[in-house]
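Trainee: Could we go through this model together? I would like to discuss its salt bridges and a pair of helices.

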Amino acid sequence: MSDKRNDNNKHDDINEFFAQFDQATVDQNRRKQSGSSSADAAGRSGRGNASRSGSRPGTRSRRNAGAASESSGKTRRKGGLTAAASRKKQGGSKKAKASGGKYTWLKAAGLICLGLILGVGIYVGVIFMTAPEVDTNNIYSMLNQRSVMYDADGNEIDNLYFSDGNRTIVDYEDMPEDLVNAVVSIEDNNFWSHNGFNFVRMIGAVRDSIFGGGQISGTSTITQQLARNVYLSEIKSQRSLNRKISEAYCTIVLEKNLTKEEIMEAYLNTIYLGFNSYGVQAASQAYFSKNVQDLNTLECAALAALPQSPDTYSIIVADYEGSTTSSLPTVASTDSATYLYNGDISKDRRDMVLRNMEREGYITEDEMNQWLSDDLRNYIKVGVSSSDSMSSYFTDYVVEQLTDDIVSEYGVDQATAQDMIYTGGLQIYTTLDSRIQSIVEEEFDDPDNFAGVAYVRTNSDGALLSDSGEVLLYDYSHYFNDEDQFVLSSDEYTMESDGSMKILAGNRLNIYETEVNGEPDVSIEFKGMYVNEDGIFYFIESGALSIPQGYKTVDGDGNAVISAQFFEDYPDFFVASGDSYVVSSNNYSLKQRTRQPQAATVIMENSTGEIKAMMGGRGTTGEQLFNRATSTRQPGSSIKPIAVYGPGLQMSYEYERDGRTMTLDNSDGSNWGDYITAGSIINDSPINLNGSSWPKNAYSGYRGQMTLRRAVQQSVNTCAVKTFQQVGADYSVSMLKKVGITSVDEEGEVNDLNPAALALGGMTNGISPLELTAAYAVFPNGGEYKEPICYTRVLNSEDEVLFEKTSESEQVYDEGVAWIMTDILRTVVTQGIGSSAAIGSQPVGGKTGTTDNNYDAWFSGFTPQYTMALWMGNDVNIELTSGSAMSARFWSAIMSRVCEGLPTESFRDRPDNVISTGGEYYTEGTYSRVSLTPSTTAPESTTAAPTTEAPPTEAPTVPTTGSSSDSGTDPTVPSTEN
């Protein structure tokens with residue numbers, strides 16, 4: 001906007017206001033003398049002759065000439081009145097007496113008029129003095145602007161805004177002349193010549209206010225509309241004299257400090273144009289998927305027709321999940337909405353714009369006829385952002401992270417930080433790779449990638465039961481009949497003598513005391529439920545009766561009391577049916593039903609720590625969804641490499657580096673050597689725990705001695721626990737923290753400082769796919785932890801850099817230890833239970849993970865380029881039909897497409913401190929000569945232990961047959977799992 005500044009005080013602006021009315025009187029006199037047609041012509045030609053220069057043709061010269069003419073007129077009137085008085089005086093004293101009474105009345109009337117004028121002046125002055133401060137230097141700071149989110153290639157993927165923030169500011173020079181002319185022709189055809197007011201229409205509006213019941217009809221010029229939109233937004237819907245006078249003050253300041261072009265620019269950037277679009281650029285993108293400077297004449301006329309009634313005239317109407325029953329034609333659709341053409345309703349006004357443009361000389365008659373005969377629908381291309389087709393899990397996560405960074409950097413609260421994001425016109429450059437994200441979403445849409453819901457126990461009412469017999473979920477029919485009505489039965493309520501209803505606690509409805517907007521409230525909720533349709537299992541987390549705040553309380557017994565007033569105010573909410581009450585579907589809400597099983601994943605680029613894709617679930621739409629990618633689940637055996645085996649090798653490296661020898665317990669028949677290494681011999685035999693053998697392996701029984709590498713390949717639980725016992729909980733937790741795991745519970749009597757949690761993954765809280773992804777990436781990254789990041793740069797609306805971000809990194813493993821762990825995990829895929837994760841184009845390393853009863857199934861793994869953790873399971877603990885082998889196949893389906901077309905790479909070269917001895921790898925100084933002892937077998941073994949262990953080669957090519965030990969099958973028997 002202009003650099004000119006309003007340095008005058010409000011008293012000067014009041015004088016300016018009254019001068020406008022003086023000018024109006026003079027202009028009317030001049031029009032009587034010379035005719036109004038020439039003035040109108042001058043106004044019409046102003047846009048073409050001087051609009052780009054910023055001048056207002058003829059305004060100041062007419063004002064000065066009028067003032068001189070008015071001064072002369074006053075002199076003549078004064079002379080005439082003096083001569084008449086002289087003649088009357090010569091007429092005699094009787095006549096003078098008679099006239100004296102008349103003059104007394106005139107004087108009184110004059111005083112009354114003067115008093116009225118003074119009163120009006122004081123009234124106007126008070127309104128002016130209390131009007132908002134008008135800073136024309138920074139109009140756009142008063143406006144909400146949408147923030148735009150871009151992917152890693154600079155493609156727009158989402159727009160962030162509150163209800164009035166879908167706006168992008170454009171310069172006047174980028175607005176097509178046809179658009180400016182179209183708006184002027186329909187909204188304010190004297191725009192280029194007036195000083196902010198249409199006085200003829202304004203005086204008529206005041207008259208209508210006085211004689212028409214206090215309502216001011218709409219007569220605003222473009223400048224007045226701008227003043228109202230920017231400075232009086234909170235009261236702009238009022239049609240009152242107070243608002244009009246405040247608007248006049250703001251209009252004066254705008255006209256005095258801005259050129260006509262600047263006023264027009266600001267106006268076109270502020271007006272609401274329907275379809276949640278504020279400003280012409282947002283509307284151009286929304287309706288036509290093009291920038292405003294590329295609009296044709298018909299499109300310009302279409303936008304110019306909207307400001308009068310933007311929601312009614314909105315060219316496009318969005319239908320979310322069949323929310324409208326309109327017969328309007330469909331022009332576009334996404335998974336979440338159908339977009340309908342509504343342009344016919346504004347056609348008459350659009351045609352009026354074109355005719356006005358021809359009448360004013362902005363377009364020719366032929367051009368008018370051409371556009372009148374054209375169909376606007378031919379030009380509609382709905383501008384649906386990528387986020388409408390892509391899930392919002394990633395974009396929601398970006399907003400969450402950026403909010404935290406703003407709070408930390410600027411010391412503001414979260415509400416202020418989010419306001420900056422949604423209204424500040426930020427440009428947020430994210431790490432998302434849209435190609436990879438699309439692949440993930442396509443694979444999540446394929447039901448063949450998912451396990452099913454296993455057989456579940458139910459009671460006589462169809463409710464799902466846990467292993468202990470407790471109700472997990474109710475059948476949908478437990479709450480609702482075939483017409484989706486909730487029927488409150490007679491044993492669930494009582495009607496009180498005062499007309500209130502008491503809903504009794506302990507039945508189908510949960511009753512919670514809560515707080516909304518700082519005021520107490522009561523939530524009356526449905527419990528979790530499920531629906532089984534056509535063999536597909538859906539989970540509905542909860543729902544609630546839609547009783548407004550203020551009508552509900554809770555008594556001393558925990559019952560919900562609904563006041564008698566509610567039944568007077570909402571007589572149709574509860575409909576009596578015998579001794580029951582029926583509540584229709586309009587009067588309760590349910591959370592979105594979600595298909596089961598669910599899954600979640602994160603893909604991170606190894607070299608940068610940048611998140612390239614994130615998926616927090618399937619089959620759901622909208623924003624602020626439950627994001628399973630950032631939520632914790634028990635990791636099962638996926639924890640073993642990062643809490644047991646990796647820390648064991650690192651501890652050994654540190655002991656050897658410091659010249660110390662480890663004290664390792666071989667009393668169970670294991671043969672560790674001097675240090676924990678990939679070649680250490682661990683005895684797969686049970687541990688006696690309170691008289692019981694623990695832990696159980698996924699396969700039946702125990703198998704005796706095997707190398708650490710083999711124990712990882714086959715995910716042997718006993719070996720993981722015994723390694724953990726050598727390492728200790730403190731060191732294990734310290735290494736988990738170093739690789740970014742934040743969910744370890746170290747406090748209280750029940751915590752994670754035990755082998756069940758840290759060796760087998762039965763954690764109190766679990767680990768999220770996001771944190772597990774970053775933790776596994778440490779191994780192919782040579783032991784360096786890279787904090788996952790979701791954006792790289794953020795600019796404000798002035799293109800100033802607010803944040804630049806790269807991943808913070810820390811060396812947490814020795815490079816040689818990380819290389820050995822990478823190689824061990826590679827052989828989990830080539831020779832172990834993770835073979836389903838293999839892809840043809842790249843080497844893969846990783847680990848499966850399954851929890852008890854197949855509640856959670858994981859595969860966490862990496863290629864040289866990317867690391868990805870994938871979780872599958874139900875939102876409640878219901879058994880899956882398949883375990884981690886299914887997750888490994890799902891992982892492979894995604895990663896094979898992600899890596900398609902990439903050059904085949906290898907993991908990092910072997911570091912200098914890694915030696916090869918006897919077909920196994922060790923960091924220097926940690927090798928000890930150990931061997932399997934054929935006679936050492938587990939006392940409860942049901943399968944003979946192998947007498948030899950084939951040493952791994954650097955690139956083994958013969959995978960073992962069998963499925964994951966996590967799956968509960970014998971790894972020596974071919975898998976039958978599907």
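**Salt bridges and a helix pair**

Mentor: The structure holds 24 salt bridges, each defined as a side-chain nitrogen of Lys or Arg within 4 Å of a carboxyl oxygen of Asp or Glu. This is a predicted model, in which local features need pLDDT of at least 70 and side-chain atom pairs count only at pLDDT 80 or more, while totals for chains, interfaces and linings use all residues. Residues are numbered from 1 along each chain as its sequence is written, and side-chain values use heavy atoms, with hydrogens and water left out.

Trainee: Which residue does D405 meet in a salt bridge?

Mentor: Its partner is K805, at 2.8 Å from N to O. D405 belongs to helix α15 and K805 to the loop between β32 (801–804) and β33 (809–811), so the bridge ties together parts 400 residues apart in sequence. Helices (H or I, at least four residues) and strands (E, at least two) are DSSP runs, numbered from the N terminus.

Trainee: Is D405 buried or exposed?

Mentor: D405 is buried, with a relative accessible area of 19%, whereas K805 counts as partly exposed at 24%. Buried means under 20% relative accessible area, exposed over 50%, and partly exposed in between, with a 1.4 Å probe and protein chains only.

Trainee: And where do E492 and R508 lie?

Mentor: E492 is in the loop between β10 (486–488) and β11 (493–495), and R508 in the loop between β12 (501–503) and β13 (509–516). Their side chains form a salt bridge of 2.7 Å, N to O. E492 is buried at 4% relative accessibility, and R508 is buried at 13%.

Trainee: What does D521 form with K552?

Mentor: They form a salt bridge whose closest N and O atoms are 3.3 Å apart. It links strand β14 (residues 519–526) to strand β18 (residues 552–554).

Trainee: Changing topic, at what angle do α15 and α16 cross?

Mentor: The axes of α15 (residues 393–410) and α16 (residues 414–423) cross at roughly 120 degrees and come within 9 Å. Axes are lines fitted to C-alpha atoms, for helices over the stretch in contact, and angles run from 0 to 180 degrees between N-to-C directions. That makes α15 oblique to α16, since angles under 35 degrees count as roughly parallel, over 145 as roughly antiparallel, 65 to 115 as roughly perpendicular and the rest as oblique.

Trainee: Which residues of α15 make the contact?

Mentor: They are V399, L402, T403, D404, I406 and V407, where contact means heavy atoms within 4.5 Å. On α16, the contacting residues include M420, I421 and Y422.
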